[in-house]
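Dear colleague,

Please read the notes with the structure open beside them.

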Amino acid sequence: MTKMTPSEAFVETMVANGVTEVFGIMGSAFMDAMDIFTPAGIRLIPVVHEQGAGHMADGFARVSGRHGVCIAQNGPGITNFVTAIAAAYWAHSPVVCITPETGAGTTGLGGFQEAEQLPFFETITKYQGHVTVPRRMAEFTGRCFDIAMHENGPTQLNIPRDFFYGDIECDIPQPIKIERGAGGEKSLQEAADLIAQAKNPVIISGGGVVMSGAVDECIALAERLGAPVVNSYLHNDSFPASHPQWCGPLGYQGSKASMRLISEADVVIALGTRLGPFGTLPQHGMDYWPKDAKIIQIDCNSRMLGLVKKISVGICGDAGAAAIALSRLLDGKELASDSTKEARMVHTAETKAAWEAELDEWIHEKDDYSLDMIEEQAGEEGSYLHPRQVLRELEKAMPADAMVSTDIGNINSVANSYLRFDRPRSFFAPMSFGNCGYALPTIMGAKVAAPERPAISYAGDGAWGMSMMETMTCVRENIPVTAVVFHNRQ
């Protein structure tokens, strides 16, 4: 046991977890700890608004695979985190939200900037650690960092502001690393037997494939089966778009090719996805979810298995490990799909080509009143591009290694059909929480995590108005991102 201050215990535990950046706004509640950030090798990146800090931590975590960390002043600074932490929750991002609170000696007296900070985050975090006495500072800090990674989601570390001071004796806990397995032997065998009998299997590659680093394993399984691969909703980076078996995303404003192909499946392998309702809903006039197909769902969270869609086999395991195990169980076996593999590959290519041609021609939508008004204001006809033309041209111009974040709003939803990636950890959206003001700060956090990669955000002018103040942070902190703002002159 080493003698130190609680602030030192807090900072040293962050160092043990590899923290190098923290996003937030400096406040008096944690100044003692903040004073030793720099000598500990931690950069505090000050933002304009705390919600932006939470989104930056989210983007940082989703690119790096490490913790994203945010911190702010007690009370109003902490309440500004709520929206961002909810978005991180539905993105399964390991964000640690550090929430200094009013001093323990005056709790409940209604003092300056006092609030009950635990209830705000109760339903949008995987764990809430409340430091009960200063000597347990390192213990609770370490537990928050461990659980954020183990359970793929944000945690809250709540610290009475007077607990940063004094002297304690403690050990600095080292991170607990866990290895996720492939799933139960029986369920894997049941899944392999179903796949072996399938004549037209289709794979859904979800966010779990990205988080477990399992894109190569997904490719290997897909190639063995000759199966079309569709992305789960807003996980367009979960399978390389240049691969001939890639078909595009399901869900709202997704790919008609992916929807047509999955509607024909007799077995669906849902790899690393919770099959959320917004990502499987009817779209483009198509109720495409296959009614009679056998569904094999693989997710590391057992609560997700069979939650949204009826399944035939549920496998609680790591997406990558499960894909490897299934490939091994199928190795050397004669599959029902083997004889039709070549014909199915041709059908996949033709279905994709038809959708791409439709996208190229899909610039006929017209709002007569607004278009006439725009042309009158512009002074000449044809001065403005159709929104889908803009998205198609941006797609063509996108650097190969680009990271893209999208906000919420119509143009961002339509962009789902046009955003294609060959590398995982490239696409970030607020997922099913669907909050505005997400895209710019999130791509800033991504850029901090991967400064060598081009970073681009998409936002409509309404969503842009909720986050554009963080351009000041971009300039001050030298975070060069490209913000694309879609303005419909309304």
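To begin with a charge over a ring (NZ of Lys or CZ of Arg within 6 Å of the ring centre and within 35 degrees of the ring normal), the charged end of Lys256 sits over the ring of Trp362, 5.4 Å from its centre. The charged end of Arg388 also sits over the ring of Trp362, at 3.6 Å from the ring centre.

This is a predicted model, in which local features need pLDDT of at least 70 and side-chain atom pairs count only at pLDDT 80 or more, while totals for chains, interfaces and linings use all residues. Residues are numbered from 1 along each chain as its sequence is written, and side-chain values use heavy atoms, with hydrogens and water left out.

Rings of Phe, Tyr and Trp (its six-membered ring) pair if their centres lie within 6.5 Å, and planes under 30 degrees apart count as stacked, over 60 as edge-to-face and the rest as tilted. By this rule there are 8 aromatic pairs. One of them joins Phe10 and Phe164 edge-to-face, with 5.8 Å centre to centre and 80 degrees between the planes. Phe10 counts as buried because its relative accessibility is 0% (buried means under 20% relative accessible area, exposed over 50%, partly exposed in between, with a 1.4 Å probe and protein chains only), and Phe164, at 0%, counts as buried too.

Tyr233 and Phe278 form an edge-to-face pair, 5.5 Å centre to centre with 75 degrees between the planes. Tyr233 is buried at 15% relative accessibility, whereas Phe278 is partly exposed at 38%. Tyr233, Tyr252 and Phe278 form one aromatic cluster.
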